[in-house]
Amino acid sequence: MKFGGSSVGTPKMIKQVVEIVARISRTKRVAVVVSAFQGVTDQLLRCAELAARKKPAFAGELKALEERHIKAVNKLVKGGKLRGECSDYVEKSFEELRVALTSISAAGEVSGKYKDEVVSFGERLSAYIVAASMKNGYFVDARQLVKTDNSFVNASVDFRATNRNIQRFFKNKKGTPVITGFLGSTAKGETTTLGRGGSDYSAAIFGAALGAEAIEIWTDVDGVMSADPRVVPGAVVLPEMSYEEAIEMAYFGAKVIHPATMLPAIKRSIPIVIKNTFHPYAVGTWIRKKPVHTMPVKGITAISDIALVNVIGTSLAGIPGSAARVFEATKRAGVNVILISQASSEHTICFAIQSAELPRAMKALERELKKEIKAGRVRIAATPDQSVLALIGDGMRGVPGIAGKLFSVLGDRHINIAAIAQGGSERNISLVVAASAKVRALNAIHEFFFGGNRKHLFLVGTGLVGGELLKQMERLAPKESDAIRVAGMMDSKHMIFDAAGIPLRRLKGQLAKGEAADMDQFIRRAEEMMVGNKIFVDCTASDAVAKRYLAVARAGFHIVTPNKKFNTRSLKEYRALREVMAKTGREFGYETNVGAGLPLISTIRELMLSGDTVTKIEGVFSGTLSYIFNTYDGTRPFSKVVAEARELGYTEPDPREDLNGNDVGRKLLVLAREIDLPLELADVSIGNLVPEELRKKMSPADFLKELRSHDGYFKKLIEKAYAQNKVLRYVARIERGRAIASLRAVPVDSPLAATRGADNIFAITTKRYRNRPLVIQGPGAGAAVTAAGVLADILKV
């Protein structure tokens, strides 16, 4: 566990570090690497510079530094004896530091050797104080173990000697070592430092030598971000990435860790975890050899202050060594080439460099190609004020269309691409755009590949549930409302589209003026629309819409729906959709398939994710049938109660869709599959309440009229139930691999008899809830609660 300067900036922060280490130490053997207190390294370097210039001000700065460390000791270290020892160490260290600064003052310059000696005190003091703050902590000076050459300021590690030293030192040690980061020493014992990202490097060195199960880098961010959040507000924390992806992102300026730092971990295949000291329970970002979950794109990064150089001319085509001459010239000038792009015609060589290096590059190229330029066979053009953008991800390999989508996103926003480069690994697509377009480009790309901060809805069905959903969206708070746009909408007759968002208040009028509805065209147009975070919202009960979910998912949409038809299609399709969703990193929200707005499916899913096993689910699954049998008491005809339920919107337009039990059967199948039962709809036993002679084709009005002749049958059932002190309920049950739905008489003291109105009730028995089931009860039908559940699923995406 490595803690950087921001993590050990104050005594309060150090206490947080100590608590984190103590918590992890209960179950793991832990080694800790620390940086200097925040800002101390810069202060020490300033002291060295002041000493070299013989400025007396360094003495005052040094005194302030010493007081800061003594105060930390007094606040953190418990026990008079230990505190005294720690204070003595701090005082002796500053005496040594003053001697070193006096030597620098005498020499009149800060050599690399002196610089390393001075800055080493930051880590030495920090590690000693942090170790003394811990219950079982002990101080380890990495200079005794990490052996390097004498390349001061950026020393190279002798891994053979270092690994041997570390393994011997820790062989029989107990407690928690707190190791100085950033430091090493030569064979002669001279102090060295490990260069940029040195403390992270130290953690990787020790982690690899000790065969750690993970190397954690604790800092002040929740993990590696998909983009710079200062530029892209919708940037998200990446849960995991490969070593190669991390290296690519670090090269392009992302706040990861320095590529060289990762090498010891890479050689031993040890995962590196980026964690937040101030948000310790956040998952962080795992950097490992093979991430468990792959996404096509992991990050979008940029390098600013770039100039693009074009060497153009017929003299370049087909002549061996032309490119070598160009890049030898830049090499001699000390110019670092960031990106290279060359067309197969070999007529031009294009490359990107830092703007500050442009004058040197131009001068070197003009000198090298002097004859060709004079003869008019070659010309050199420079374009300043450019930015290099990079799209990074292992998941792009072998996936057609990534580059096409990237260029389409930028083209749609009228952003010109000046140069393109892609390595053979297909892990990185780099491109050059004008600096003025950088922010727009980054946000456009991020919105497309990561969803950004806006959801674009493509709504099918504006009836009871769909219409209510739009009303509820209109009433959302401004923050949530701004994050959702209806980009496309279709009812049975018309469809409309608007990438900027269709105004909710004028939807009905606009939709009536739209073009003719066509589901295939609706999906195609939605797919082609250059907006990010697309959500296909199906508020119909149509199988024709549901059967297109696979195509919608493959097009990269999230799907949210109360329509249970897809989840009750063949098991093959059911599994295929989930595979596609996992591959594309999209979500399928169907909480309202069962129980309307009740948190049923999510509860079952979370129980199973936590390791529990569901053994039985029983209840009243239909809000419609719940209302009918809660209302029907024999005093009014059964047909009249059904007609009333239809008028109130509890039933489908044709009540037989509810009375035939098929809706409950589908809900049973949805829940059965949710608990991993491989059932088909034909496996579900469904009790049909529609009299056999009324199952033929007829209008809903005719059905209700004909149902009157069967009122006597239902009256006998209710009277028989009352005689046994029972009530009628349409009960669904999943148990021992079977799913059954039927009309039953249940005792009046049963929880199933306690439903009111359109209540659903679900009793979930699991290994943990085996004596008393977990009961979820509430309204299970109605447009308002169903739409609220759909909206909740949309907001979760």
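Two strands are said to pair if DSSP finds at least two bridges between them. In this predicted model, strand β24, residues 614–620, meets that condition with strand β28, residues 759–766, since the two are joined in the antiparallel sense over 6 bridges. One of the residues involved is Val 620, whose bridge partner in β28 is Ile 761.

Both strands belong to an open sheet of 6 strands with mixed pairing, in which the order runs β25-β27-β26-β24-β28-β29. The edges of this sheet are formed by β25 (685–686) and β29 (774–779), each of which pairs on one side only.

The buried residues are Val 465, Gly 466, Gly 467, Glu 468, Leu 469, Leu 470, Gln 472 and Met 473.

The elements that cover these buried residues include the strands β17 (455–460), β18 (484–490) and β21 (534–538), together with the helices α16 (478–482), α17 (507–512) and α29 (783–796).

## Helix α9, buried along one face

In helix α9, which covers residues 259–267, the buried residues are Thr 261, Met 262, Pro 264 and Ala 265. Seen down the axis of α9, these buried residues fall within an arc of 150 degrees, and therefore they line one face of the helix.

The buried residues of α9 pack against the helices α6 (159–169), α7 (198–210) and α8 (243–251), and also against the strands β7 (215–219), β9 (272–276) and β10 (285–288). Just after α9 comes Ser 269, which takes a positive phi of about 55 degrees.

Notes: Residues numbered from 1 in each chain as written. Predicted model: local features only at pLDDT ≥ 70, side-chain atom pairs only at ≥ 80, totals over all residues. Heavy atoms only, no water. Helix = DSSP H or I, 4+ residues; strand = E, 2+ residues; numbered from the N terminus. Buried < 20%, exposed > 50% of the residue type's maximum accessible area, 1.4 Å probe, protein only. Contact = heavy atoms within 4.5 Å. Arc of directions from axis to C-beta.
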